[in-house]
Amino acid sequence: MATKVYDEIELELSNGETISVRPLQIKPLRKFMEVIKKLDSEDIQDETQAMDVFIEACMVCMEKIKPELSKDRDLFEEIIEVPTMMKILEVAGGLKLNDPNLLGAALVGTN
């Protein structure tokens, strides 16, 4: 029997559906990293803009898990709440998001 070298978690979405989240493969991880790099941009001036980056990054994570959420931002925003999004970013993208107030922390150098 093969051994998994990664953690896979089950998350419940706000609509009651359960998804399985695991680390991204290399190709989608590269796309994810490009999105996350936007947090270092001088264009990020407030929490709303940082939230937009996190949403875009999480939508990349959802491409294989739940493709309809990766293509429809309105649907994504209706079904995914912030704590769930942060957990997806942590598990799938490898971001260490221990602080629930990460949006503010991400902006420390931008103001």
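Okay, some ground rules. We're looking at a predicted model, where local features need pLDDT of at least 70 and side-chain atom pairs count only at pLDDT 80 or more, while totals for chains, interfaces and linings use all residues. Residues are numbered from 1 along each chain as its sequence is written, and side-chain values use heavy atoms, with hydrogens and water left out.

Let's start with S14. You'll find S14 in the loop between β1 (9-12) and β2 (18-21); strands here are DSSP runs of E, at least two residues, numbered from the N terminus. S14 is partly exposed, at 46% relative accessible area. On that scale, buried means under 20%, exposed means over 50%, and partly exposed is in between, using a 1.4 Å probe and protein chains only.

So what does S14 touch, leaving out residues up to four places away in sequence? The answer is E78, I79, I80 and E81, where contact means heavy atoms within 4.5 Å. S14 and E78 are 64 residues apart along the chain, yet their C-alpha atoms are separated by 8.1 Å. And the side chain of S14 reaches the backbone oxygen of I79 at 2.7 Å.

Now, the cysteines. How many disulfides does a search of the whole structure find? It finds 0, a disulfide being a pair of cysteine sulfur atoms within 2.5 Å. C58 is in no disulfide, and its nearest cysteine sulfur belongs to C61.

Technical notes. Helices (H or I, at least four residues) and strands (E, at least two) are DSSP runs, numbered from the N terminus. A polar contact is a pair of N or O atoms within 3.5 Å; within protein, one must be able to donate a hydrogen and the other to accept it, and residues adjacent in sequence count only if both atoms are side-chain atoms.
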